[in-house]
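Please consult the sequence and coordinates while reading.

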Amino acid sequence: FVVIVDSDGNVVAVGEGRAGIIVSFAGTNRYKASSDTVTVSVSRYDTEISFYPEDLDLNVGDAEIIVAELDPFEAGNITFVSSDESVVTVSGKGKVKAVGDGDAVITVSFSGNQKYKKREEKVTVKVSLIETSINLNSEDSLDLNVGDADIIVAELDPEDAGFITFTSSNNSVVTVDSQGNIKAVGEGEADIILSFAGDYKY
């Protein structure tokens, strides 16, 4: 149904669409019957969603809140949905948690109902791994004689990201252990490579 009408001509809109209300006189033995039609168009109310922020640039592990409000407020409830929960999750209250490297979209929506139109907005989310750096606290070049030993001192920033790996480019010239202790074992040149492999967060 689009509209209903009573015998007094009171019209109530009950659904979206168009309808004709026929106004008629049945006629009598003296007067001719007559009728006319009133065309009624019924639309649902527009809705708007105001929200903030419109986009998010996060690091893995970060949390944020999307603040959203439906206008009119009494129309219904807003829902939040992530396009990729391996990148970002979102609660029913708009709490966002960055869980993996990548891009995703959070859809903020109102599904609509018999009285109000549906509405949808989108929040773009970019999640990045946290940057790391290795700070070398030793000389960046060493001149050794065969049999000499030394140590490479370095720190990973952030410290809690993990561990530095030490690798020799030529173990017949110089060896290095997991703590950065090096030993010259043969004549020649070699590089000691300091690296951090990274993980789901860094």
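Q: How many nonpolar residues does the lining of the largest pocket have?
A: The model is a predicted one. By class, the lining of its largest pocket comprises 6 charged residues and 5 polar residues. The nonpolar class of this lining numbers 12.

Q: Which residues lie nearest the centre of the largest pocket?
A: The largest pocket holds about 540 Å³ of space, and 23 residues line it. Strand 19 (181–184) and strand 20 (192–195) are the elements that give two or more residues to this lining. Nearest the centre of the pocket lie Leu 142, Leu 144, Val 174, Ala 190 and Ile 192.

Q: What is the class of the aromatic pair formed by Tyr 45 and Tyr 116?
A: A pair of aromatic rings is described by the distance of the centres and the angle of the planes. The count comes to 1 aromatic pair, with Tyr 45 and Tyr 116 at 5.7 Å centre to centre and 35° between the planes. Planes under 30 degrees apart would count as stacked and planes over 60 as edge-to-face. The pair formed by Tyr 45 and Tyr 116 is therefore tilted.

Q: How many residues apart are Tyr 45 and Tyr 116?
A: Tyr 45 belongs to the loop between strand 4 (34–42) and strand 5 (48–52). Tyr 116 belongs to the loop between strand 12 (102–110) and strand 13. The pair links distant parts of the chain, and its separation is 71 residues.

Q: Is Tyr 116 buried or exposed?
A: Tyr 45 has a relative accessible area of 51% and is exposed. The value for Tyr 116 is 9%, and the cut-off for burial is under 20%. Tyr 116 therefore counts as buried.

Q: Which backbone oxygen does the side chain of Thr 47 reach?
A: Thr 47 lies in the loop between strand 4 and strand 5, where its relative accessible area of 3% makes it buried. Beyond four places in sequence, Thr 47 touches residues including Leu 70, Asp 71, Pro 72, Phe 110 and Tyr 116. At 2.9 Å, its side chain reaches the backbone oxygen of Lys 117.

Q: Where is Pro 72, to which the peptide bond from Asp 71 is cis?
A: The bond from Asp 71 to Pro 72 has omega near 0°. Both Asp 71 and Pro 72 are touched by Thr 47. Pro 72 is found in the loop between strand 8 (67–71) and strand 9 (79–82).

Q: What is omega for the cis peptide bond that joins Tyr 52 and Pro 53?
A: Pro 53 lies in the loop between strand 5 and strand 6 (55–59). The bond that joins Tyr 52 to Pro 53 is cis. Its omega is about -5°.

Q: With which side chain does the side chain of Glu 121 make a polar contact?
A: Glu 121 is placed in strand 13 (residues 119–128), and its relative accessibility of 19% counts as buried because the limit is under 20%. Leaving aside neighbours within four places in sequence, Glu 121 is in contact with Ile 49, Phe 51, Ile 106, Thr 107 and Val 108. The polar contact, at 3.5 Å, is with the side chain of Arg 119.

Q: How far apart in space are Ile 151 and Val 176, C-alpha to C-alpha?
A: Ile 151, in strand 15 (residues 149–151), is partly exposed at 39% relative accessible area. Ile 151 and Val 176 are 25 residues apart in sequence, and their separation in space is 8.6 Å.

Q: What distance separates the C-alpha atoms of Ala 33 and Ile 152?
A: Ala 33 is found in the loop between strand 3 (17–25) and strand 4, and counts as exposed at 52% relative accessibility. Its contacts, aside from neighbours within four places in sequence, are Phe 25, Ala 26 and Gly 27. Ala 33 and Ile 152 are 119 residues apart along the chain, and their C-alpha atoms are separated by 107 Å.

Notes: Residues numbered from 1 in each chain as written. Predicted model: local features only at pLDDT ≥ 70, side-chain atom pairs only at ≥ 80, totals over all residues. Heavy atoms only, no water. Helix = DSSP H or I, 4+ residues; strand = E, 2+ residues; numbered from the N terminus. Buried < 20%, exposed > 50% of the residue type's maximum accessible area, 1.4 Å probe, protein only. Polar contact = N/O pair within 3.5 Å; in protein donor to acceptor, adjacent residues only side chain to side chain. Contact = heavy atoms within 4.5 Å. 1 Å grid on protein atoms, 1.4 Å probe; cavity = no way out; pocket = protein on both sides within 12 Å on 5 of 7 lines; lining within 4 Å. Points joined across faces, edges and corners; volume = space filled by probe spheres on them. Nonpolar A, V, L, I, M, F, W, Y, C, P; charged D, E, K, R; others polar. Phe/Tyr/Trp six-rings, centres within 6.5 Å; stacked < 30°, edge-to-face > 60°.
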